[in-house]
Amino acid sequence: MREDKVTYCRICEPLCGMIATVEDDRLIALRPDKDHPLSKGFACPKGVAFTEIVNDPDRVLYPLRRSRDGEFEQVSWDTAMTEIGTKLRDVQRRHGNSGIGWYLGNPATFSTGHTLWSGAFMSLLGTPHSYSAGSQDVNNRFVASHFLYGNPTAVPIPDINRVELLVIVGANPVVSHGSVMSSPRIREGLNAITDRGGRVVVVDPRRTETAREFEWLPIVPDTDALLLLALLHVMFDEGLADAERLARQASGMDTLRGVVAEFSPEVVARRTDVAPEVIRELARALAGTERAAVYGRVGTSLGRTGTLTTALLDIVNLVAGNLDVVGGSMFGDLGVPGQRLGMTALQHVSTFTWAGRRSRVGNLPQVLGTAPASVMAKEMLTPGPGQLRALFVSAGNPVLSVPNGDELSAALDGLDLLVSLDIYRNETNAHAHYILPATTMYERGDFLLPFQMLFTTPFKQATDPVITPRGEAREEWTVINELVGVLARRAPMLAALHAINTVSSVLGRVPSPRMLSDLVVRIGQGGNHFGFSRGGLTYRKLVEEKPHGVVVADHLTPGALRKVVTHRGRKVRVDDPDLLAEIDRLPTDDDPPLPLRLIGMREIRSENSWQHNAPMLLRGGRRHTARMHSDDARARGIGEGDLVEVRSMHGRIRLAVSVIDDIKPGVVAIPHGWGHNGSGGWTRANAAAANDLGTGGANVNALISSNPDDLERLAGMANMTGVPIEVSPLESAAPDIPVRDASTSANASMS
Ligand SMILES: Nc1nc2c(c(=O)[nH]1)N[C@H]1C(S)=C(S)[C@@H](COP(=O)(O)OP(=O)(O)OC[C@H]3O[C@@H](n4cnc5c(=O)[nH]c(N)nc54)[C@H](O)[C@@H]3O)O[C@H]1N2
Ligand SMILES: Nc1nc2c(c(=O)[nH]1)N[C@H]1C(S)=C(S)[C@@H](COP(=O)(O)OP(=O)(O)OC[C@H]3O[C@@H](n4cnc5c(=O)[nH]c(N)nc54)[C@H](O)[C@@H]3O)O[C@H]1N2
Ligand code: SF4
Ligand SMILES: [Mo]
């Protein structure tokens with residue numbers, strides 16, 4: 001029987017509505033949901049191609065164990081879990097709980113159970129070895145919020161529906177579809193701004209797909225902090241800020257004013273390559289437009305002072321009068337009472353804060369209980385108490401996504417136990433002892449708690465699974481429940497959780513993601529408040545009666561600052577000494593070691609490293625290329641499609657070049673997530689995009705440093721943008737140093 005089921009996509013943040021066609025419990029097709037109130041029939045190629053991923057013959061559908069000869073063999077769940085349990089308890093006995101770690105990859109965020117269960121498991125186990133993709137993505141957003149609001153989870157989002165001037169710094173929403181905001185049909189949302197007579201300015205070293213549709217303001221990579229300081233300089237200097245309002249809303253303004261005094265537009269112009277009059281005009285426009293906002297994302301997070309840059313984005317909004325006001329940069333609201341108190345309490349009793357703990361290697365601060373993934377390899381390789389000996393990797397591919405995949409690959413091979421929970425064999429779990437098959441999003445139900453505060457139009461949607469899990473795939477949280485039992489005896493806090501699980505299973509009601517989500521739906525905005533609000537939402541009601549989702553408010557609500565700020569007097573603090581000290585660390589780059597600058601980019605038909613196996617996404621002979629300005633290419637004798645060597649101070653890779661003009665001269669853009677080299681199980685990914693070197697692209701993170709000294713100081717984030725590089729035609733590349741791309745590492749480790 002063929003049937004259409006209403007559900008939604010959970011690959012990236014807009015969570016677009018989808019209609020799944022299912023026949024005999026098999027997913028046949030996906031199409032955009034026309035009746036979804038926000039995505040209204042939009043879906044991108046990745047979302048539609050997901051049928052190919054669910055049904056991919058390369059998917060891992062049964063537990064796999066690595067045998068002595070290095071090949072993977074199928075085993076039963078019982079065998080896998082029993083053997084994993086024995087090895088895990090052995091590590092626990094010999095090295096303590098701090099010998100055990102977890103790396104949580106990006107798709108985990110798109111599963112409420114996976115996120116909450118792994119987070120609870122790691123914090124109750126009490127190990128410092130909790131890692132995530134966040135340290136290559138967004139962690140300094142939380143640290144900036146910690147400094148400014150005293151609350152790391154207070155994250156402002158642009159009021160896309162009402163803003164009149166939006167300045168996008170280091171984000172490419174036309175391709176990424178928006179990040180740290182859930183805003184379906186974001187491209188239309190941006191075009192609506194100009195349609196209503198407003199402006200969108202895109203500050204980016206590359207004339208991106210977004211910049212092409214709006215005003216492009218090119219900038220030298222990793223100099224955004226200077227631009228933002230100069231905007232503040234102008235606002236103070238020209239008296240554009242409302243001093244009375246600022247005194248009410250914030251503390252430390254005088255210190256800030258003193259600090260920005262030296263950053264006039266003229267002073268920063270040389271380093272940013274943005275003309276002083278452009279900076280002045282922008283400052284006036286931001287302060288003078290009633291509904292204006294500055295918004296930044298990956299491009300502002302991956303620089304050397306990402307926390308400072310991120311905090312400055314908010315401070316510019318604050319000083320210009322655009323924070324927490326209609327059409328500005330606003331805070332979402334769960335509608336759940338006591339959030340501020342709850343957050344304050346949580347920060348006091350747990351490591352769910354900033355620098356609750358520091359890393360053994362590098363002494364770097366943890367962010368919301370997670371350590372920088374860049375030091376994960378050294379934590380495995382550095383002997384002594386607390387050495388990482390057993391690692392779980394779920395929904396992650398850190399060998400490609402974290403700096404220095406070679407070092408990590410070698411370190412993984414030395415572990416006592418490496419277990420991966422994934423839907424695929426990838427470059428990371430090529431080193432695993434066990435690979436456990438996970439469900440894809442369409443094989444599980446979900447209400448995505450992690451995104452509730454980020455909808456630019458407050459919205460709620462829940463779905464049931466559209467098919468039963470394929471093969472023997474299981475949801476991660478159920479596997480984690482088993483691990484709780486395995487480790488409980490020597491971990492007192494876990495034992496408590498285990499007791500709860502045991503008792504509730506006897507009573508037939510094991511705590512589940514659905515139970516927790518239902519609670520939040522009921523007490524949150526639009527909820528039924530356990531019967532006190534008649535007709536209000538429950539999880540079941542969402543799934544059964546409102547499958548396309550419900551807009552619970554037309555707009556974000558202003559005046560949230562006082563609800564989210566936990567600092568004394570509920571004032572935003574702009575003069576934290578740790579934060580302002582970063583200003584002294586702003587790179588000067590007067591004498592760069594190499595002439596060009598590396599930046600990243602995302603492509604419409606990729607999702608990080610894991611969708612290069614879907615035929616629909618690889619059509620047209622896609623290749624992995626470095627995008628380089630024609631002037632730079634010409635100066636080096638490089639033509640379109642030529643193979644080059646790209647080298648940084650930390651490594652070198654080989655790939656082909658696309659010569660373009662839509663990029664600032666001196667800047668080279670290379671997408672991450674490539675470097676498929678035969679070690680993973682991705683047949684097409686490995687073969688596809690094969691350049692003449694016979695690899696599925698190159699791992700750009702071979703160019704990035706994993707050295708603790710090179711990580712951003714306040715959030716431990718990897719420095720992945722603005723990195724000095726040189727590009728040479730392959731025949732003239734330096735011959736004697738081994739090329740460090742993923743192919744060398746994986747071949748070495750598989751032998
Ligand atoms: N199609 C597609 N969509 C995705 C993803 C994907 O892989 N493919 N990944 C998802 C994920 S995990 C995330 S986190 C989001 C990210 O969402 P975005 O941040 O919107 O996406 P990016 O393409 O990384 O955009 C970063 C931009 O910053 C620019 N940039 C780089 N360095 C600098 C700098 O120093 N200063 C300034 N001003 N700009 C700079 C880059 O040129 C780039 O245009 O996208 C999500 N959506
Ligand atoms: N140079 C550079 N490096 C970057 C970035 C950059 O901009 N430039 N961006 C960074 C960012 S923003 C991110 S988010 C990271 C991503 O880094 P990671 O999360 O480490 O890597 P992904 O490529 O997203 O790999 C996701 C894995 O999850 C698996 N998977 C997919 N769905 C599921 C599921 O439902 N359950 C389970 N168990 N597994 C699943 C996929 O098969 C894949 O193996 O990369 C970071 N690395
Ligand atoms: S933009 Fe594409 S991948 Fe992202 S949620 Fe929508 S359909 Fe899915
Ligand atoms: Mo990300």
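1. Which side chain has an N or O atom 2.6 Å from a nitrogen atom of ligand 1? T721 does. Its side chain places an N or O atom at that distance from the ligand nitrogen. Note that this is a predicted model.

2. An N or O atom in the side chain of D204 sits 2.6 Å from an oxygen atom of the ligand. E603 takes part through its backbone: one of its N or O atoms is 2.9 Å from a ligand nitrogen. Ligand 1 on its own has 910 Å² of accessible area, and the protein covers 97% of that.

3. The shell around ligand 1 numbers 30 residues. D204, D222, D224, S606 and T721 are the closest. Sorted by class, the shell holds 10 nonpolar, 11 polar and 9 charged residues. α6 (173-176) contributes at least two shell residues, and so does α14 (298-301).

4. Where does ligand 1 lie relative to domain 1 and domain 3? It lies between them, because both domains give residues to its shell. Domain 1 spans 139-334 + 560-583, and domain 3 spans 592-732.

5. Now the salt bridges. The count for the model is 43. One of them joins E209 to R206, with the closest N and O atoms 3.1 Å apart. E209 has 23% relative accessibility, so it counts as partly exposed. R206 has 5%, which is under the 20% limit, so it counts as buried.

6. E582 and R585 form another salt bridge, at 3.4 Å from N to O. How is E582 classed, buried or exposed? It is buried, because its relative accessibility is 0%. R585 is partly exposed, because its value is 43%.

7. R652 and E645 also pair through their side chains, with N and O 2.9 Å apart. Here both residues, R652 and E645, are buried. Beyond such pairs, there is a network: D90, R93, R94, R389 and D416 are joined by salt bridges that share partners.

8. Check the side chains of D204 and T721, then the backbone of E603. Finish with the salt bridges, including R206 with E209, E582 with R585 and E645 with R652.

How values were computed
Residues numbered from 1 in each chain as written. Chains lettered and ligands numbered in written order. Predicted model: local features only at pLDDT ≥ 70, side-chain atom pairs only at ≥ 80, totals over all residues. Heavy atoms only, no water. Near = heavy atom within 4 Å. Polar contact = N/O pair within 3.5 Å; in protein donor to acceptor, adjacent residues only side chain to side chain. Areas by Shrake-Rupley, 256 points an atom, 1.4 Å probe, with all protein chains shown as cover. Helix = DSSP H or I, 4+ residues; strand = E, 2+ residues; numbered from the N terminus. Nonpolar A, V, L, I, M, F, W, Y, C, P; charged D, E, K, R; others polar. Domains from an automatic or database assignment. Salt bridge = Lys/Arg side-chain N within 4 Å of Asp/Glu carboxyl O. Buried < 20%, exposed > 50% of the residue type's maximum accessible area, 1.4 Å probe, protein only.
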